Amino acid sequence: SQGELIWAILEYYYCTGDKKFLRKKWRNVYKSLKFLEQLRAQRLTDEYKVDALDKRRFYGILPPSRSHEGYWLAHSYWDDWWALKGWKDALKIAKILKKKKSIIRWIEKNYKDFLVTLTDSIKATAKFHKVNYISGCAEKGDYDPTSVAVAINYAGELENVKKYLGVYLKNTFEKYWNDILKPRFKTGASFHYTPYEARNAPVFLYMGEKKRALALLRFLVKCCRPYKWYQLAEVVNSDPRNPCYIGDMPHCWVGAEYINGVRALFVYEKDESLILGAGIDEKWIEREKGVSV
């Protein structure tokens, strides 16, 4: 959550241009970084700096947390990607506020070191569990592409993930498309899932898979529950009349992810650039009205 806080502070500044606010919040940013540094130090000891994968896979990442219900007291990579984002955004804040060069070098060093140990940990986890994808958690070696999407959607680390984990990244989302999503498109398919998967739509788009991004977003709209209410529930069953757990409904987190996915079709940010129209369906252009925003 420290990384999330730093991200939120920078986002607020981007929206308002309020440098006075940014200066006031620097203390919170700095303390968050120091706490992240202390947390990570718990896994930089000699105990984890060994060749044996059962220990090495934890080296240099954050210790176990209760970050969300999916990983209870476990090394969740979700935490690490958000922490990395915190270091990256803190660097931007430090430069905006013209902090001392020593502070900037400290942030840069921590970001670079963390990126290396994080990606090394993910590779060690894959070897330990004998899998060929990016896991959601070091203990489980589990297949959870919607958690992996955090690295790309929130942390903005697509280029580094491709650089350090290229094959694993490709395998992660090819498996999601071929083994999980495509089978649901078949007539009479039976499925049970959580629409947090909306997070995967921008990932497909950023990776140049526009048709897959559009297919996922359209599928999510067809699965609004309960039937005829057109709400994005937390849990979806293929049978709209099946009396099963649906969780929160309407689910605003899922709804926000869907909005992010749709927005990305028209515009998204990549480093210092705006990418326009990358997800526009050619059929929309062929209409008499064309496309407008």
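## Close-up views of a predicted model

**View 1. Asn 200 and the residues it touches.** Leaving aside residues up to four places away in sequence, Asn 200 makes contact with Pro 145, Thr 146, Ala 149, Phe 173, Tyr 176 and Leu 216. This model is predicted. Asn 200 belongs to helix α9, residues 200-206, and counts as buried because its relative accessibility is 0%.

**View 2. A salt bridge between Arg 199 and Glu 257.** Here the two side chains meet with an N to O distance of 3.0 Å. Arg 199 sits in the loop between β1 (192-193) and α9, while Glu 257 is in helix α11 (residues 252-266), so the pair ties together parts that are 58 residues apart in sequence. Both Arg 199 and Glu 257 are buried.

View 3. Spanning residues 77-96, α4 reaches 29 Å from first C-alpha to last, close to the expected 28 Å. Of its 20 residues, 17 are buried. Take a look at Asp 89 and Lys 85: they lie four residues apart in α4, about one turn of the helix, and their closest N and O atoms are 3.2 Å apart. Asp 89 and Lys 85 are both buried. Just after the helix, Lys 98 has a positive phi of about 55°.

**View 4. A salt-bridge network of Glu 159, Lys 162 and Lys 270.** These three residues are linked by salt bridges. Lys 162 and Glu 159 share helix α8 (residues 158-184), with their closest N and O atoms 3.5 Å apart. Lys 162 counts as partly exposed at 42% relative accessibility, as does Glu 159 at 40%.

**View 5. The β3 and β4 hairpin.** Strands β3 (residues 267-270) and β4 (residues 273-276) run antiparallel, joined by four bridges. Tyr 268 stands opposite Ile 275. Two residues separate the strands, and Asp 271 in the turn has a positive phi of about 55°.

Technical notes: Residues are numbered from 1 along each chain as its sequence is written. This is a predicted model: local features need pLDDT of at least 70, side-chain atom pairs count only at pLDDT 80 or more; totals for chains, interfaces and linings use all residues. Side-chain values use heavy atoms; hydrogens and water are left out. Two strands pair if DSSP finds at least two bridges between them. Buried means under 20% relative accessible area, exposed over 50%, partly exposed in between (1.4 Å probe, protein chains only). Contact means heavy atoms within 4.5 Å. The expected span of a helix is 1.5 Å times one less than its number of residues. A salt bridge is a side-chain nitrogen of Lys or Arg within 4 Å of a carboxyl oxygen of Asp or Glu.
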